Structure formats: C-alpha cells, structure tokens
Number of protein chains: 2
Amino acid sequence: MSLLVVGSVALDTVETPFGKIEDALGGSAVFFACAASLLHPVKIVGVVGKDYPMGELQKLAARGVDLSGVTVAEGESFRWAGKYGFDLSSRDTLETRLGVFANFKPQIPPELRSSDYVFLGNIDPELQLDVLNQVTKPKFVACDTMNYWIQGKRTALMKLLERVDCLMVNDSEIRELSGDWHIHRAARWVIAHGPKYVVIKQGEHGAVLVGDGRIFYVPAFPLEDVFDPTGAGDSFAGGFMGHVARTGSIDHANLRTAMVYGSALGGFAVERFSVQRFDEIGPADVARRVQAYKDLVHFETGLA
Amino acid sequence: MSLLVVGSVALDTVETPFGKIEDALGGSAVFFACAASLLHPVKIVGVVGKDYPMGELQKLAARGVDLSGVTVAEGESFRWAGKYGFDLSSRDTLETRLGVFANFKPQIPPELRSSDYVFLGNIDPELQLDVLNQVTKPKFVACDTMNYWIQGKRTALMKLLERVDCLMVNDSEIRELSGDWHIHRAARWVIAHGPKYVVIKQGEHGAVLVGDGRIFYVPAFPLEDVFDPTGAGDSFAGGFMGHVARTGSIDHANLRTAMVYGSALGGFAVERFSVQRFDEIGPADVARRVQAYKDLVHFETGLA
C-alpha cells in the first residue's frame with residue numbers, strides 16, 4: 001500500500017533553552033517521512049533549492065524514503081527560524097524565507113499518482129486540491145492546514161475539506177476554522193463539511209480522534225526530556241499514516257491504533273533537534289512505546 | 001469505611017458567559033461531599049456563619065452527607081465571587097470575604113476521629129496538620145493546596161506532605177511547589193517528599209496519577225456543555241475518595257478506577273451552576289459515565 005506525502009522540505013534554525021541548531025533538515029514532508037518510514041515506505045513530493053544539503057536528505061533513502069518526487073529548483077531552499085520559551089510551549093518565529101517554496105507547484109510523478117494513502121502537509125489549500133486532482137484514486141487522504149490559510153484561503157480550504165477523509169489540526173486551528181471554541185462541536189462542524197474524521201493535536205495534552213460518532217483520546221507520551229517541539233505534529237501524522245498504510249485498513253479500530261502510533265512518533269520527534277531522534281530508533285523502539293501506552297490508560301471500571 | 005472531608009463551606013457568586021448565580025452553595029467540602037455521596041456516605045467538618053442557608057445545606061443530608069461536624073459561628077459565611085471568560089478557562093476572582101472561615105480551627109468531633117479516609121480541602125496547611133493530629137489512624141489521606149499556601153506556608157506544607165498519602169493539585173501548583181515545569185519530574189519530587197501518590201488535575205485536559213513508578217492518564221469527559229467550572233477539582237476529589245472509601249481498597253488498580261470516578265464527577269459538576277447537577281443524577285448515571293470512559297481510551301496495539 002503506497003504512501004505519499006506532499007509538503008515542505010526545509011532548513012530549520014531552532015533555538016530552545018537547551019541549545020541551538022542551524023540549517024537542519026526540517027519541513028512537514030521531512031518530519032512526516034522520517035516518522036512514517038519507521039513503519040512503511042513513503043514517497044515525498046517537494047521542492048528544494050540548489051543550496052539544500054542533498055547528501056543529508058539522501059540518507060533518508062536508506063530508511064525507505066523515496067525522494068524521486070523532490071525537485072531541485074534554482075534559488076534558495078525554504079528556511080524557517082524559531083525560538084522556544086522556557087517551557088517549550090510558546091515559540092516565536094524569527095524568520096520565514098520561502099525561497100523556491102514560494103513557487104512550489106507540486107507535480108506528482110506518474111508513478112506516484114496511484115498512491116493509496118496521501119498526506120497533504122500544510123501548504124496553500126489550492127495546491128493541496130491540485131495534488132488531489134493528480135492522484136487517481138487514493139484510499140485515504142489526510143491533510144493539515146494552518147490559521148494563515150483558514151484566514152486567507154477559506155474558500156479553497158472548504159473545497160478541500162469535501163475531498164479529504166481526515167483533517168489533522170491543532171485546537172486553535174479547528175476553533176478558528178469552525179468559529180466554535182468547543183473542540184468537539186468544532187470537530188462535528190468539520191465533519192459536516194466533508195471529512196469523515198478529525199484529529200485534533202493538543203501537544204503535551206495528547207490528541208483526539210473524532211469520527212463515526214465516537215471520540216478517542218490518546219495522551220502524549222510522558223517524556224523524560226523534551227528538547228525541541230518542532231515537527232511534532234508532522235511526525236504524529238507520519239506515525240498515523242504510516243500505520244494506516246502498513247496495515248491497509250481504515251476501519252475505526254485501526255484508526256485508534258494509528259492515533260497511538262502518531263502520538264508515539266510525535267513524542268520521539270521532540271526528544272532531539274530536527275529529525276535526529278529518528279536516526280537512533282528502529283521499529284522495535286516504536287513498538288515498545290506503543291505497548292507502553294496501554295499501561296498509561298488502562299483501568300478497570302469495576303462495573304459488571 | 002468512613003469518609004471525612006474538612007474544607008470550606010461557602011456561598012459562591014459566579015458569573016459565566018451563560019448566566020449568573022448569587023450566594024449559591026459552594027466551597028471545597030460542599031462540592032466534595034455532593035460528588036462523594038453519590039458513591040459513599042461522607043462526613044463534613046467545616047464552619048458557616050449565621051447567614052448560611054442551612055435549609056439548603058440540610059438537603060445534602062438526605063443524600064448521605066453527615067453535617068454534624070459543621071459548626072455555625074457568629075459572623076458572616078465565607079463568600080467567593082468570580083467571573084469566567086468566554087472559553088471558561090480563565091477566571092477573575094471578584095471578591096473573597098473569609099468571614100467566619102478566617103478563624104476556622106477544625107475540631108473533629110470524637111465520633112469522626114476514627115475516619116478511615118480523609119480529604120483535606122484547600123485550607124491553611126497548619127490547619128490540615130492539625131486535623132491529622134486529631135484523626136486516629138486513617139487508611140488513606142489526600143490533600144489539596146494552592147499557590148497561596150505554597151508561597152506563604154511552605155514549611156507547614158512540607159511537613160504536611162510527609163503525612164499524606166496523596167497530593168491532589170493542578171499543574172501550576174505542582175510546578176510552583178517543586179520548582180520544576182516538567183510535571184512528571186515535579187510529581188516525582190513531591191513523592192520524594194512524602195506522598196506515595198500525586199494526582200495532577202488539568203481541567204479540560206484530564207488528570208494524571210503518578211505513583212508506584214507508573215503513570216496513569218484519564219481524559220476529561222467530552223461534555224456537550226460546560227456551564228460553570230467552579231468546584232470541578234473538589235468534585236474530582238470527591239469522586240476519587242468516594243470510590244476509594246466505597247471499595248475500601250487503595251491498591252494501584254483501584255486508584256486508577258478512582259481517577260475515572262473523579263473525572264466523571266468533576267465533569268458532572270461543571271454541567272450546571274453550583275452543585276445543581278448533583279441533584280439531577282444518581283449512582284446509575286455515574287456508572288454509565290464511567291463505563292463510557294472505556295470507549296474514550298480503548299485501543300488495540302495490534303502487537304503480539
């Protein structure tokens with residue numbers, strides 16, 4: 001079952017209370033692919049500038065990431081710089097230089113158009129729609145978005161919602177999109193506008209799956225050290241979609257399991273800068289962490 | 001197994017985006033007792049002024065609340081007034097008039113001194129210690145506190161911690177108490193200073209039990225309407241301790257179940273003003289909600 005991600009391939013400069021890293025691998029497609037590839041092969045469609053450290057990116061190929069859809073264009077790579085506060089829950093964006101990403105018009109190579117599972121990273125919803133027009137018959141499409149598009153490209157975003165199976169956003173995004181502060185009502189609003197499922201990512205407070213008239217909570221894994229929150233949401237998406245693609249099942253029970261994989265991979269992402277943590281772990285580490293979630297939430301009702 | 005709560009018996013004036021209520025039953029001991037009494041008989045020790053609507057308070061007796069430890073003193077009852085913001089997560093205290101509560105020196109009536117399970121509501125830790133000196137041999141003691149005492153009565157609070165089994169606080173309180181923003185490390189710090197268990201209440205994000213080298217998460221119940229958050233934490237404590245007292249077990253598995261009862265009762269509390277919701281529900285409603293938590297968190301790992 002083939003898995004495709006379309007999104008940014010960036011160079012991140014990140015400062016946290018624990019250190020700083022410059023021009024490190026980043027972007028939604030990179031975090032997604034690093035996480036997903038621990039579970040299932042994944043193909044990236046994206047664009048980089050001539051300055052991108054292709055040697056670093058090529059290392060992902062050894063882990064099952066197909067980079068044939070990454071175009072190298074004239075110009076500079078997308079760069080993002082941010083600084084996190086003491087508790088890592090607030091961050092300031094210091095710089096966003098779109099570079100070649102400003103003219104990104106995703107072209108899905110013919111051999112990737114039959115992808116079964118598709119994740120549309122946070123890009124202009126018109127481009128996300130354009131990707132869907134190139135993909136022949138996906139089994140399950142999930143997308144991310146952000147307040148910038150909710151405010152600026154609402155019409156395209158609402159058209160996109162009609163065509164995706166799952167919207168994955170954080171609480172502030174779903175509140176702004178729906179105009180409702182109550183996240184469960186907000187999720188139902190989204191579902192009324194197209195997607196069968198909504199995943200609300202709540203950072204250190206875990207994530208919620210809404211769909212099929214049911215609600216499922218998964219906590220964030222209680223990490224000993226949180227180092228750099230960048231990429232947690234895309235790594236969550238990678239774990240979620242990686243599990244879905246690997247199992248080839250989108251039934252409700254399996255999407256719950258996918259939520260736990262998402263939470264596990266999102267947790268790994270924040271334990272190091274950039275995608276460094278994914279170099280240190282293998283599928284067995286992921287399985288161990290998923291197993292550990294059982295003990296985090298297990299209880300007996302004591303009722304008959 | 002007898003259950004005792006010592007805390008405030010107050011009159012609350014609360015304004016939310018949905019309405020306003022004046023001089024309604026409130027205070028930690030009242031919310032605790034209303035919640036706990038749905039599970040197990042409970043005895044209150046507290047003080048009110050001559051202006052307290054004793055008829056209203058007496059109604060709790062019909063539900064299994066023993067009011068023989070509530071003293072009526074010369075002066076005004078403790079009054080609190082607060083106003084909640086649009087999303088109910090921020091609140092301003094408009095007024096705190098301690099009245100007779102300023103001179104509250106809990107006297108535990110002889111027949112309540114052999115209580116098995118004791119909850120020390122949020123009062124001066126010196127008074128909490130004084131209560132423990134009057135209780136002969138409790139099986140399990142839990143206490144609440146607040147930033148005011150953490151800052152102003154730290155020595156007494158640290159002495160108290162050596163004598164309680166469980167500290168129940170919110171995230172900002174445990175962060176301030178331990179000096180560590182990382183709530184799991186903070187919980188371990190507390191455990192190193194006495195209590196075997198720590199419960200961290202996180203409002204709409206649920207609650208965490210730390211102890212026995214394990215961590216347990218329970219989400220907040222996804223309520224259709226949140227009306228008035230006042231008393232949620234004390235109702236949580238009431239559900240938790242009510243379940244413990246009813247079952248007479250403090251083993252790890254049963255404390256997890258108690259967390260779910262706590263979350264269920266905390267959720268009921270916020271669905272109406274004051275303790276009104278507890279008038280509408282019975283043990284079967286509580287059991288139904290506890291059962292519903294199973295579906296909120298259940299997943300299969302898919303692992304052997």
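Trainee: Why does Ser77(B) count as buried?

Mentor: The relative accessible area of Ser77(B) is 1%. Buried means under 20%, so Ser77(B) is buried. One caution: this is a predicted model.

Trainee: Where is Ser77(B) found?

Mentor: In chain B, Ser77(B) sits in the loop between β5 (65–73) and β6 (78–84).

Trainee: Which residues does Ser77(B) touch, not counting residues up to four places away in sequence?

Mentor: Leu11(B), Val48(B), Gly49(B), Asp51(B), Tyr52(B), Arg97(B), Leu98(B), Gly99(B) and Val100(B). With Gly49(B) there is also a polar approach: a polar side-chain atom of Ser77(B) lies 2.9 Å from the backbone nitrogen of Gly49(B).

Trainee: What makes helix α3 of chain B mostly covered?

Mentor: Count the residues. α3 (residues 125–134) of chain B has ten, and seven of them are buried. Those are Pro125(B), Leu127(B), Gln128(B), Leu129(B), Val131(B), Leu132(B) and Gln134(B).

Trainee: What do the buried residues of α3(B) pack against?

Mentor: Strands β1 (3–6), β8 (117–120) and β9 (140–143), and helices α4 (147–152) and α5 (154–161), of chain B.

Trainee: What caps the N-terminal end of α3(B)?

Mentor: Asp124(B) does. One of its side-chain oxygens lies 2.8 Å from the backbone nitrogen of Glu126(B). The cut-off for a polar contact is 3.5 Å, and 2.8 Å is within it.

Trainee: Is Ala156(B) buried or exposed?

Mentor: Buried, because its relative accessibility is 10% and the limit is 20%. Ala156(B) belongs to helix α5 of chain B. Ala156(B) touches Pro125(B), Glu126(B) and Leu129(B), leaving aside residues up to four places away in sequence. The C-alpha atoms of Ala156(B) and Asp124(B) are separated by 8.6 Å, though the two residues are 32 apart along the chain.

Trainee: Now chain A. How do you know that Asp124(A) and Lys153(A) form a salt bridge?

Mentor: Their side chains meet at 2.6 Å, N to O. The limit is 4 Å, so the pair qualifies.

Trainee: What does the pair of Asp124(A) and Lys153(A) tie together?

Mentor: Parts that are 29 residues apart in sequence, because Asp124(A) lies in the loop between β8 (117–120) and α3 (125–134) of chain A, and Lys153(A) in the loop between α4 (147–152) and α5 (154–161) of chain A.

Trainee: Why is Asp124(A) called buried, and why is Lys153(A) called partly exposed?

Mentor: Asp124(A) stands at 14%. Lys153(A) stands at 24%.

Trainee: Which salt bridges does Arg185(A) make?

Mentor: One is with Asp180(A), at 2.8 Å, N to O. Another is with Asp225(B), at 3.6 Å, N to O. Both values are within 4 Å. Arg185(A) is partly exposed at 26%, while Asp180(A) is buried at 17%.

Trainee: Why does the pair of Asp295(A) and Arg214(B) join two chains?

Mentor: The side chains meet in a salt bridge of 2.5 Å, N to O. Asp295(A) lies in helix α11 of chain A and Arg214(B) in strand β13 (residues 214–218) of chain B, so the bridge joins two chains. Asp295(A) counts as partly exposed at 30%, and Arg214(B) counts as partly exposed at 32%.

Trainee: How much area do chain A and chain B bury between them?

Mentor: About 3700 Å², with 55% of it on carbon and sulfur atoms. Trp181(A), Tyr217(A) and Phe299(A) supply 19% of the area that chain A buries against chain B, more than any other three residues. The contact takes 42 residues from chain A and 42 from chain B.

Trainee: How many residue pairs are in polar contact across the interface of chain A and chain B?

Mentor: The rule finds 20, both residues being at pLDDT 80 or more. On the side of chain A that touches chain B, α11(A) gives the most, with eight residues. By class, that side has 21 nonpolar, eight polar and 13 charged residues.

Trainee: How do you know that the span of α9(A) agrees with its length?

Mentor: At 1.5 Å a residue, its 18 residues should span 26 Å, and the end C-alpha atoms are 26 Å apart, so the two agree. α9(A) is also mostly covered, since 17 of its 18 residues are buried.

Definitions and conventions. Residues numbered from 1 in each chain as written. Chains lettered and ligands numbered in written order. Predicted model: local features only at pLDDT ≥ 70, side-chain atom pairs only at ≥ 80, totals over all residues. Heavy atoms only, no water. Contact = heavy atoms within 4.5 Å. Buried area = accessible area lost by both parts, 1.4 Å probe. Polar contact = N/O pair within 3.5 Å; in protein donor to acceptor, adjacent residues only side chain to side chain. Helix = DSSP H or I, 4+ residues; strand = E, 2+ residues; numbered from the N terminus. Nonpolar A, V, L, I, M, F, W, Y, C, P; charged D, E, K, R; others polar. Expected span 1.5 Å × (residues − 1). Buried < 20%, exposed > 50% of the residue type's maximum accessible area, 1.4 Å probe, protein only.
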